[in-house]
Amino acid sequence: MDYQFKDIEQKWQKFWADHQTFKAEDKSTKPKYYVLDMFPYPSGAGLHVGHPLGYIASDIFARYKRLKGFNVLHPMGYDSFGLPAEQYAIQTGQPPALTTDTNIATYRRQLDLLGFSFDWSREVRTSSPDYYKWTQWIFMQLFNSWYDKAANKARTINELAEHFEKNGSAGINADCDDDVLSFTAGEWQALSFEQRQTELLKYRLTYLRESTVNWCPALGTVLANDEVKDGFSERGGFPVEQKKMMQWSMRITAYADRLLTGLDTIDWPEPLKEMQRNWIGKSVGASVKFQIAEPAKAALAAKGMDELIEVFTTRVDTIFGATFLVLAPEHELVSALTTAEQKKTVEKYISQTQKKSELERMAEAKVVSGAFTGSYAINPVNGEKIEIWIADYVLAGYGTGAVMAVPSGDQRDYLFAKQYKLPIIPIIDIQKIDEQADPTKDGRYINSGFINGMTYKEATATLIARLEETGAGKAKVNYRMRDAIFGRQRYWGEPVPVYFKDGLPYLLAESELPLILPEVDKYLPTESGEPPLARAKDWKYKPALEPGELYDYELSTMPGWAGSSWYWYRYMDAHNDRKFASKEAIDYWKDVDLYIGGSEHATGHLLYSRFWNKFLRDMDLAPEEEPFKKLINQGMIQGRSNLVYRLIDELGRGTNTFVSFGLRNKYHTSPLHVDVNIVENDVLDIKKFKAWRPEFENAEFILENGKYVCGFEIEKMSKRYYNVVNPDDIASRYGADTLRMYEMFLGPLEQSKPWNTNGIEGVFKFLRKFWKLFHDEKLNFNVSADAPSKAELKALHKIIRKVEEDVERFSFNTSVSSFMIAVNELTDLKCNKKAILQDLVVVLSPYAPHICEELWTVLGNEAGTLSYQPYPVFNPAYLVEDEYAYPISVNGKTRMNLNISLSLEEEDIKAFVLANPAVQKYLDNKPERKVIVVRGRIVNIVV
RNA sequence: GCGGAAGUGGCGUAAUUGGUAGCCGCACCAGACUUAGGAUCUGGCGCCGCGAGGCGUGGGGGUUCGAGUCCCUUCUUCCGCACCA
C-alpha cells in the first residue's frame, strides 16, 4: 500500500481518543513530568500555521518523555474569558458564551487534526462556572489575607485582627496602604465594626481603593499597566487616559522582592527574566522629608495637610547639591503650595501638560518645562531654603511624585536649572559640570557640610544614619511596579464574589460559589455609566442569615489574567468540586517542568502567575515557590506575503495590467498584496488570480519567461496581507505528520521565522521514503528478519543518540535533518530489517506519531503500545570506527583528506602524512616548521 | 538613550568542546523513465575563474598552528524598556 496519510491519521486519532491513550495517571511509580502549553484564547479566526508551533514542540517533548518512562501530564484548555468575544457580542448581540463555545469547537477540531497527545479528560475553560468558582475562591483567599513583612509571607486577616484586638497596631510590619492608623488595643476595641472593616481593607491582598487608573473610554473599562502600550490599549489600540476611580487591586507589590529574587532560581530565557526585572524596577535609595517653609507651611497646616514633601532618591549623597524641589504637576500639594502671584503661571502650565498626550510627552523628552509654585522648602541637612517647582519630567506614578533636584549630578535637573536660572552647586571635587551634569560617585565631597571629604560609601552611610536620627528620612527600596488593578467594567469575565453593605465590601459565603455570571439584555454600560452587570435583572445578594435583605453585588468583573494565574493546578485535578485541586494531586505533580509559550506574556501572565503561586504557597496550598521550572519562548511565525505589480498609466491611475517581478522597474507600478494560496514558488497562478476577485477577471499580464513572478515581503501573518496559511489546508494536502515535522524543520524553536509552504515537499518526500523502507517496489509490505549489518546498526544508533541529544536541548530542527540523513542512509543500504526499522519507528514517533503507530502495528506489534515503548538504548560500540579521513591542512588551509587508522599514535600519523608524496607537493620543498596532530580530528602542517 | 538577541549560498538553515564552512531541505540546472506529470529516480549547485587556483560566515582589526565560534571595534536588523529621581 502507498503512504495514505489521510486514512492513517484519521485512524490513529480516533484510536487515541477511544482508548484515552494519553490519559495521565494520578498515581504512578513512574517519575512525573509536567509539560504545559500556554492555553489559547479561542478567537473567531481559528488557528493559523503559526499558532501550533509551540504545541508541536511540547507534544514531541511529551511523547519523548513517555518513551523515556515518565508519567507525563500534558493537558490543554482554553483561556475563554476576554474582550474579543465581548466586542463581538456588542456588535452582533450574540451572547459571548455561545460564540466562545463555537470558537472552542473550531479550535478543538484543528488541534485534533494535528495529532497532539493531550490528556483531554483534564480540559479546562476559564469561563466555565466549575472553573471560575475556584478563581473566585482564590480571590476570597487573597481578600482574607495580608502580607507580613516580618515573616515575609502572607497570613490570614483573622490573625491580623486578633493582633489588633490584643496589641493594637504595634508590632505589625505589613505591606499595606500608606494611610493605615496607629492605635492601641483599647482604641481598636472601641472602633465600630465598619471602622474596623475599613481599616482591615487597607491590609488585604486584594483591596478596594481610590486610585489613578488607565481608563480606556473606547473599551469602557480600566486596563492594567501591562495592557497599555505607549498610551494606547494593547487590544484594539484605543487611547487611554488617567482617571481616579474606586477599584479592586491586587497587592502584587508585596511580593516584589520575592518575584525578583525568584528569577535567579528558574530556567527561563534571560531576556524574559530581564523584562520582569525591569518591570519590577527595584531601586535602592532613601526617602527624605523636606519641610515646607513659611508661609505655605501654615496654610497647609490649616487645611490639615502634610507640611512636608517626601522625595525618593537613589543618590542621597548628593543632597547638599539639592538646590530646588520638583513636583509632578498632579502632585496633591501643588494647589496648596501655589502662591497668589504664581497661580496663573502654575495653572497655565498644568493645563498645558494635561493637553499633551503620553506620546507627546515622550517625544519632547529633551525639552524641559515647568513652573515655580512660589513656595519654598527647607533642605533637612543644611537648613537652606530652596524653591519648589512643578515640571512634567517628574512622574506622578513613580516614587512619591516629587524629586530633590541636584543639577550638578542629574542631567534633567541640570537642563532645568539652566533653563530657569536656578543654582548649580558642585558637590564632588572631581566633578566637571561646565556643559552637563556629572553623575560621578568617585572623588571626595565638597560644599557638603558634615560629609565633606568623604567617599561615596561613607557619605551615604553617614547621611542615612543622620536622617534616621533626625527623623527626616530613612533608607528605602522603591519599586517601579504598581499594584495591579483587578477590576474591569466589562461583562465577559469572572464576577467578583463580593457584595456591598453600608458602602463596605464583604465576601459571599464559600458555599455560595460560584457566583454565576448573570444574563444581560445588552453588553454595554448602562446610561448612568455603570458596567454591563448592572443590567442583570433581579441580580442582588440575598443573604441566608438576613432574610428579606437585598445587597448590591460588585458590578465589575475580573481581568483577563485572573483565570490564567492558577490554571496549571486545575489540570492536576480538573474535576474536583471540593477544592481547586486536591492536596494529593498537587503534592504529586508539584510544578510545571516545561512551559512553552510566547514572550508576549512576559510582564502579564507570567508575573501574575508567579505572584498567585507564591501566595498559594504562603497559604500552604502549593508546595513550590516558583510554578514554572523551565520555560521556553517559541518564536513567532511570520507571514510571507506575495505581491503583484499593477501598471500605473500616465494619469497615475491603476490599470488592470500586472508586471512580473523582474520587469517591474521598467514600468511605473504599484505593489498589491495577493493571496499566497494562489501563488506557488512565487509564481502566480493566473487562472486562479482572475477568479480571485471580480475586478481581475480581465486582468492582463506582462510576463517573464512565460511566467508571472511575484515579489514577496515578510510581515505579520494577517488576513489583511492575504498571507494566512491554515493548518487544515496543509494537513489535508500533506498530512499532520508532515506539517508537524515541517514546522520543526523551519528552524530553531525560539527563533522567529517566516512561514513558506514551498519547502514542505521535502519533508513529505522524506515520510514517503521512510514508508518505502518497509515496502517493496510494488508497495507490498516487505520486512526481513535478518540480522542487521554493521552499517545499518551504525545508521540506527547515530539517530538514536542524535534525537536524544537534540530533544533534551530543544533543538527539534536538527533532529528532522538527522532523520532525513538516517532514512537516506538506510535507503542506500536497501535496509528492510525489522531489527533496525522497529527501533527507528520508536525514535521517530514523537515527531510523526501517526505513520509510526501504523508501521508499528504493521511490524506485528500490538496496536497503541508504541506510545509507551522504552526509547531504544544507544550503544556507542556501533559507532566505533577504525579509520578516519583526516583533513590535512598546510598553514591552516585544507588541502586533502587522508585515510589513517585511528589506532595510530600522533608521531606515527605525523610520519605517515609527511611521507605522502601528495602532501610533499604542497610543502613545495620547504621544511615543515611544526606539525599539529589532533587525533581523530585534523593534521595541520606549518611551513 | 538604556538593555537584550541576531547577521552564514537565491531561500529556510547546519557546524554540540577553537579543528574539513555550507549538513538537511527548498528553489534552480542537466539527464533518465514516461499515458509530457504539481509523480519518481540520477547527477550538479557558495562566489570569481576555461583551468591551476583565488576569495568567502555584515565591515575593520586582534589572539591562535588553526576563528562562523574567543577578544576589541564598527555597521545593520529585530525585540523589550524608556524623563524611574
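A surface patch is built from residues with over 30% relative accessible area and no salt bridge, and like charges are joined within 9 Å. Keep that rule at hand for Exercise 1. The model used here is predicted.

**Exercise 1. A charged patch**

Solution: 
- Step 1. Read its accessibility. Arg 482 has 35% relative accessibility and counts as partly exposed.
- Step 2. Compare with the rule. A patch residue needs over 30% relative accessible area, and Arg 482 stands at 35%.

**Exercise 2. A nonpolar patch**

Task: Find which residues make the nonpolar surface patch, and say where Ile 938 lies.

Solution: 
- Step 1. Name the residues. Ile 932, Val 934 and Ile 938 make the patch, with an area of about 180 Å².
- Step 2. Locate Ile 938. It belongs to strand S36, residues 938-942.
- Step 3. Classify Ile 938. Its relative accessibility is 31%, so Ile 938 is partly exposed.

**Exercise 3. A salt bridge between buried residues**

Task: Describe the pair Arg 490 and Glu 86, and decide whether each residue is buried or exposed.

Solution: 
- Step 1. Opposite charges on side chains can pair when the charged atoms come close.
- Step 2. Check the distance. A salt bridge needs nitrogen and oxygen within 4 Å. Arg 490 and Glu 86 form one at 3.4 Å, N to O.
- Step 3. Arg 490 is in the loop between strand S18 (484-485) and strand S19 (498-501), and Glu 86 is in helix H3 (residues 83-92), so the bridge ties together parts 404 residues apart in sequence.
- Step 4. Apply the burial cut-off. Buried means under 20% relative accessible area. Arg 490 has 5%, so this residue is buried. Glu 86 has 1%, so this one is buried too.

**Exercise 4. Two further pairs**

Solution: 
- Step 1. Arg 108 is in helix H4 (residues 96-113), while Glu 123 is in the loop between H4 and helix H5 (129-143); they are 15 residues apart.
- Step 2. Classify Arg 108. At 27% relative accessibility, the residue is partly exposed.
- Step 3. Classify both ends. Arg 653 is partly exposed at 48%. Asp 649 is buried at 18%.
- Step 4. Look for a network. Shared partners join Arg 258, Arg 610, Lys 614, Arg 617, Asp 618, Glu 625 and Glu 626 through salt bridges.

**Exercise 5. The whole chain**

Task: Summarise chain A: how many helices, strands and charged side chains does it have?

Solution: 
- Step 1. Count the elements. Chain A has 29 helices and 36 strands.
- Step 2. The C-alpha trace spans about 100 × 90 × 75 Å along its principal axes.
- Step 3. State the burial. Of 943 residues, 53% count as buried.
- Step 4. Count charges. There are 114 positive and 129 negative side chains, and the centres of the two sets lie 3 Å apart.
- Step 5. Count bridges. The structure holds 54 salt bridges.

Notes
Residues are numbered from 1 along each chain as its sequence is written. Chains are lettered from A and ligands numbered from 1 in the order in which they are written. This is a predicted model: local features need pLDDT of at least 70, side-chain atom pairs count only at pLDDT 80 or more; totals for chains, interfaces and linings use all residues. Side-chain values use heavy atoms; hydrogens and water are left out. A salt bridge is a side-chain nitrogen of Lys or Arg within 4 Å of a carboxyl oxygen of Asp or Glu. Helices (H or I, at least four residues) and strands (E, at least two) are DSSP runs, numbered from the N terminus. Buried means under 20% relative accessible area, exposed over 50%, partly exposed in between (1.4 Å probe, protein chains only). Lys and Arg count as positive and Asp and Glu as negative; His and the chain ends are not counted. The place of a charge is taken as NZ of Lys, CZ of Arg, CG of Asp or CD of Glu. Patches are made of residues with over 30% relative accessible area and no salt bridge: like charges are joined within 9 Å, nonpolar side chains (Val, Leu, Ile, Met, Phe, Trp, Tyr) within 5 Å. Accessible areas come from the Shrake-Rupley method with a 1.4 Å probe; for residues, only the protein chains shown count as cover.
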